[in-house]
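Here is a short briefing on a protein structure. Look at the sequence and the model first, then read the points below.

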Amino acid sequence: MTAERLHWWQTRWFVVAMVIVSIVPLIRPAIPPLVDLLGHMGRYRVQLDAGAHAWLADWYNFQWSLIGNLGVDLLIEPLSRLFGLELAVKLIVMAIPALTVSGLLWIAREVHGRIPPTALFALPLAYCYPVQFGFVNFALSMGLALNLFALWLRMGRLGHLSWRAALFVPLSCALWVCHTFGWGVLGVLAFSSEMIRQHDLRKDGRGGHWLESWIRAGLGCLPLALPFVLMVFWRSGDHVTGKTTDWFNWRWKINWVLMVLRDRWMAFDIASLTVLFVIMFKGMRDSRVEYSRNLSLSALFLLAMYLLLPRIVFGSAYADMRLAPYALAIGLIALRPRAGLSMRGATTLAALGLLFFGVRMAGTTASFWMFAQDQDRKLAALDHVPEGARLLTMVGRRCVDDWTYSRLEHVPGIALERKLAYANDQWSMAGAQLLTARYAIAGQFAHDPSQIVTGVRCRGEWWRPIAVSLAYLPRRAFDYVWLINPPPYDQALVAGLTPIWHDGSSILFRIDDRRRPNVTLNPALFPPRRRLVSRPTV
């Protein structure tokens, strides 16, 4: 590394400033408006309850086990005692973009020697679509993986290979516990960088061709391999459910790439993605800019993983989608200016990258503020829900995938978190998370996706039309019905339900009549050869 003066975008204060800017969108919302996060918060409440409220044990089974999906679940234990559950969750979520930004800039510095101006264009991916979707354990593990990869590179550059091997055995296990994906991505990044390092040793007469480099890289990454044993124990056993399916769904793989910056405004998000592709293209066509072999290979490996992964892994959807933004981010930080790029050109690139990051953060801040406003209005209904209420929630949505994705699909989780009320949005797949629903008399309304209702039957989806849900809801199992942005429905379906709160079309009912409404439903609302059968009630 040369001793020449650092430019403003290469200084430590600039990195600290970018980390601070990255958390600005999350300052205003009391609850980060990330889709799945609200449901997870309900699980955290059951986790922390420790048997203090007997009815929670009647509704849910919570059992600690060693699975590769425990990042926030473990952190919430000490932090909730210090800050309370909601603030603790907010602080953890704020750490995710901060870790992502610091990790990307640190990797860029380790590989290039200095932070290249093009690296700034990758920073908005800290709020990529998987983060917006609320995959918090995954996103936390990815932020940690990026920083651990930077540490891996640094220790390799300094020649501390023995210390690195010893240190990364426990670090890789901890990362796997946070989320399996983070550990897998760290392994891919470390392996690709080791391949380049081993191959470049040829300059000293100690290297070999690519096959030898491949073998040596594998041996060098053995300190990261212990979680394979943990994976075998986790995924073997009768308690594990869920299929791995939907391979090579090219239509959705293309869609996920187009959605890497998806938030609220489609034109804004697609235009921003176009900017990233232009920067990537510049690296291939502009003689003044080049790609690092190290990070280029890492990006190609991640791209291969993305193409090979199915959409559903062990019953968990969107497996492949999660990798797309990170492969793009690694590809962007792989870029660096050649010696022919003038200081003025480098400064211009850095200024444009900073402007791009600032515009995206301003847009995300405005979007989150609007989501938070809507969320707060809906949550006002909980002021009318008593503690421990048996609450059935129905959240309306359309069959089409609107770009401005609703952040309310798991708002029942906040009823569980704040009011210890029943939440029918909890995921219930043994082996995938620590909580499963066991409220038997709720029947098919006990867990996710029973909270999602539509106006018509949606082809290929498990969501029910609102008419079916209102007609067949087990009234003896619940005391309240909470409709959030519901599609139009026949008022005869809510006969015997007394409205006690409303905001626009959203309304909270108290169930005063346990009898089913006498309404004949259109057969087109039911899927072929399948009818919703009412369960026995007690």
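Two residues are in contact when heavy atoms lie within 4.5 Å of each other. This is a predicted model: local features need pLDDT of at least 70, side-chain atom pairs count only at pLDDT 80 or more, and totals for chains, interfaces and linings use all residues. Residues are numbered from 1 along each chain as its sequence is written, and side-chain values use heavy atoms, with hydrogens and water left out.

**Residue S469**
- S469 touches M394, F445, V453 and R464, not counting residues up to four places away in sequence.
- S469 sits in helix α18 (residues 466–472). Helices (H or I, at least four residues) and strands (E, at least two) are DSSP runs, numbered from the N terminus.
- S469 is buried, with a relative accessible area of 0%. Buried means under 20% relative accessible area, exposed over 50%, partly exposed in between (1.4 Å probe, protein chains only).

**The sheet**
- Six strands form an open sheet in the order β7-β6-β4-β8-β10-β9, with mixed pairing. Strands pair if DSSP finds at least two bridges between them.
- The edge strands, β7 (464–465) and β9, each pair on one side only.

**Strand β10**
- Five of the six residues of β10 (residues 506–511) are buried, so the rest of the structure largely encloses this strand.
- Strand β8 (residues 480–484) runs antiparallel to β10, joined by four bridges. W482 has L508 as its bridge partner in β10.
- Strand β9 (residues 497–503) is also antiparallel to β10, with six bridges. P499 has F509 as its bridge partner in β10.
- β9 and β10 form a hairpin with two residues between them. In the turn, G504 has a positive phi of about 65°.
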